[in-house]
Each structure stands twice: as C-alpha cells, then as structure tokens.
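Me: Got a model here I'd like to go through. Can you take a look with me?
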Amino acid sequence: MSFRSGLLTIRTLAVLCVLAGGSGPGGASAAQTLKAIKERGAVACGVSQGVIGFSFQSEKGDWSGIDVDFCRALAAAIFNDPSKVKFVALSAEERFRALQSRQVDLLSRNSSWTMSRETELGLAFTSVNFYDGQSLMVRHARNVTSALELGGSKVCVQAGTTTEHNLKDYFQAYNIKYEAVVTPTAEDARKAYEAGRCDALTADASALHGERLKTSDPNDHDVLPEMISKEPLGPVVRQDDFQWFNIVKWTNFAMLDAEELGVGSQTLDDALKSTNPDIRRLVGNDGNLGEQMELTRDWIVRVVRLVGNYAEVYDRNVGVKSKLGIPRGINQLWTNGGILYAPPVR
C-alpha cells in the first residue's frame with residue numbers, strides 16, 4: 001500500500017468514526033462520565049473501608065483523608081461544592097470490580113499503580129498523589145530493627161492486595177522462612193496481630209502508621225524502617241472515557257502546581273491579581289483550559305479555595321497538622337528535593 005492510499009484509508013476511518021458518533025478516546029460516546037456525574041448531582045468515589053490519613057470515616061459518619069479530599073476536589077471543580085460526593089467504602093478485593101461495573105466513577109483508595117492493573121483490568125491510573133512503600137510493624141518488646149530479623153515469623157497480611165505478593169517476593173529473595181496469616185480486611189489483619197496470631201503486620205508504611213494509632217498502646221509497636229516495595233498510589237478510572245481521565249489527572253496536577261506557585265486557600269485572592277503568566281493560567285485569567293474539559297475557567301480556583309493545594313491536603317491529613325505526622329520525604333515537590341512533579345497548566 002502506498003503512503004497516499006494509506007493516508008486516505010486513515011482519513012476514511014476517522015470520518016467513519018465521527019459519523020458513527022465518535023467512539024474514539026475523545027468522542028462523544030466515550031465522554032459519558034462527566035455527564036452522568038452532573039445528572040446524578042455527585043461524584044461516586046470508591047474509597048477504603050478505613051485507612052487513617054487516606055480515607056477514614058469517623059463514628060459520626062464524617063469522612064477524612066488525602067483520598068477523600070481528592071474526591072472533594074473533583075466535586076469542587078465540577079459543582080463548586082466539595083460536599084457533592086457519594087463515598088462508597090470498598091474492600092481490596094471488590095474495589096476494581098466496582099469501578100469496572102460503574103458502581104463508582106473512580107477509585108481514590110490508596111491503590112498501587114501496577115502494569116497488570118491496567119493491561120488486565122482495563123483500568124487507568126491517572127497520576128500519583130502519594131509515593132509509598134510496604135513495611136512491617138512489630139512489637140517494641142521484640143527489639144527487632146530490621147525485617148531481615150523476622151525469620152520464622154508469622155506475618156498478618158490483607159488478602160487481594162499487592163502487599164501479599166510483595167511479602168512473598170521479599171522473603172523469598174532473602175531466603176527467609178515465614179508464615180503468612182491472610183485476612184479479608186486490613187482491620188482483621190490488625191486485630192489478628194494484636195491478638196497474637198502473628199508476630200508482625202505488613203501494609204503500606206503510611207497505613208501502618210494509622211494502624212499503630214488504633215492499637216491499645218501505640219508505643220508498644222514499631223514500624224520498621226525498610227521499604228520492601230515501591231507503592232505509587234493514585235486515582236484510578238476506566239479506560240473508556242478520556243475526557244474523565246483528563247479531568248481526574250489534571251485536578252491532581254493542578255493541586256501540585258498550585259503548591260509550587262505558592263497558590264493556596266489563604267493566598268488565592270492575591271493570586272487572582274497576579275501578573276505572573278503561570279499563575280494567571282492556573283487561576284483561569286488567561287486561556288480557556290478548563291472549558292476545553294467542559295469545566296469552568298476558574299475550576300482550579302474552586303479546588304484551591306474549597307479544598308486546598310497539595311501541601312494543605314497533605315499537612316492536615318498525614319503531615320505536620322495530623323496525628324500521623326508523616327514527614328513529606330519523597331512526597332516533597334521536586335523543587336524541595338522530592339519527586340512530586342506536575343506538568344504545567346498551559
């Protein structure tokens with residue numbers, strides 16, 4: 001086939017797609033999630049069943065956490081109202097099926113970005129909002145300082161997670177014998193550990209800091225320093241709606257860019273008067289980037305004013321203003337020695 005005839009064929013296929021209703025990534029038939037959310041009047045957000053600092057429901061029914069605030073940021077961008085979110089608590093085993101079956105619009109649920117979850121499940125991680133790693137928690141009385149000292153131990157782990165596989169890989173790599181005590185939920189794993197059914201508890205390090213707070217005496221337990229895996233956590237959507245993928249992805253990026261540019265909920269009014277070209281685009285004074293995603297020009301202003309930039313969300317949920325007190329570490333912006341880096345809003 002000649003280059004010219006091949007080009008004509010491609011153009012013909014493109015025309016047919018348009019006539020058929022635009023079934024490609026940017027076509028009308030694919031861009032249905034935002035429409036459904038607006039008709040429903042709320043973002044259906046899949047969250048965990050209880051990870052302090054990420055998605056946790058109080059006894060009064062109030063939700064809090066980084067993942068929860070991200071859902072609220074989407075609601076702020078779409079409705080100018082962060083309360084328009086329907087939180088759906090999902091176990092590790094049911095979370096991906098719930099997204100595939102359209103029970104939720106996205107997962108904002110401390111889920112690790114892996115290749116198989118995209119290639120096998122037809123899902124798409126939009127970006128990373130927290131770089132984590134798996135660790136282990138042990139009783140302080142054991143005087144253990146390294147995971148390499150846990151030979152012959154029983155380790156509690158939640159089923160249906162990458163955590164279970166990482167545990168096996170780590171101990172196999174170092175030829176360490178252990179016994180996995182597998183439980184259906186993170187809560188069950190912690191309770192089994194507290195009851196003495198296992199010698200250690202394993203999960204993402206950030207989650208372990210929260211589980212430690214749930215014990216009768218947090219000072220009796222130590223989170224070991226080793227990270228035995230890479231766990232990039234972030235929002236997940238289906239692969240069938242590129243418009244929604246972009247909205248979710250750029251909401252996360254916008255919150256990071258806002259922090260980098262010094263635009264927060266307390267400095268927003270000054271930012272709206274700024275002559276800095278990057279800030280003017282961020283707040284919607286120049287360009288129509290929000291409108292290109294069927295949002296408003298000031299969609300980022302809504303997010304920052306009602307929810308905050310990334311630093312504000314981090315600090316109040318897991319950082320210096322929270323009970324967890326987890327240092328930013330690698331979750332600092334790239335300008336501060338971390339690895340969080342967002343493409344520019346332009």
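Me: Numbering the bonded cysteines in sequence order, what is the pairing?
Reply: This is a predicted model. Taken in sequence order along the protein chain, the bonded cysteines pair 1-2, 3-4.
Me: How many disulfides does the count come to?
Reply: The count comes to 2 disulfides. Cys45 and Cys71 form a disulfide, with sulfur atoms 1.8 Å apart.
Me: Where in the chain do Cys45 and Cys71 sit?
Reply: Cys45 is in strand E1 (residues 43-47) and Cys71 in helix H3 (residues 66-79). They are 26 residues apart, so the pair links distant parts of the chain. Cys45 has a relative accessible area of 0% and is buried; Cys71 is buried too, with 0%.
Me: And Cys156, which cysteine does it form a disulfide with?
Reply: Cys198, and the sulfur atoms of Cys156 and Cys198 are 1.8 Å apart. That pair also links distant parts of the chain, 42 residues apart. Cys156 lies in strand E9 (residues 153-158), and Cys198 in the loop between helix H7 (186-194) and strand E11 (200-204).
Me: Are Cys156 and Cys198 buried or exposed?
Reply: Both Cys156 and Cys198 are buried.
Me: Other topic. Which helix is Arg97 in?
Reply: Arg97 lies in helix H4 (residues 95-100).
Me: Buried or exposed, Arg97?
Reply: Arg97 counts as exposed because its relative accessibility is 53%, and the cut-off for exposed is over 50%.
Me: How far apart are Arg97 and Lys84?
Reply: Arg97 and Lys84 are 23 Å apart in space, C-alpha to C-alpha, and 13 residues apart in sequence.

Notes
Residues are numbered from 1 along each chain as its sequence is written. This is a predicted model: local features need pLDDT of at least 70, side-chain atom pairs count only at pLDDT 80 or more; totals for chains, interfaces and linings use all residues. Side-chain values use heavy atoms; hydrogens and water are left out. Helices (H or I, at least four residues) and strands (E, at least two) are DSSP runs, numbered from the N terminus. Buried means under 20% relative accessible area, exposed over 50%, partly exposed in between (1.4 Å probe, protein chains only). A disulfide is a pair of cysteine sulfur atoms within 2.5 Å.
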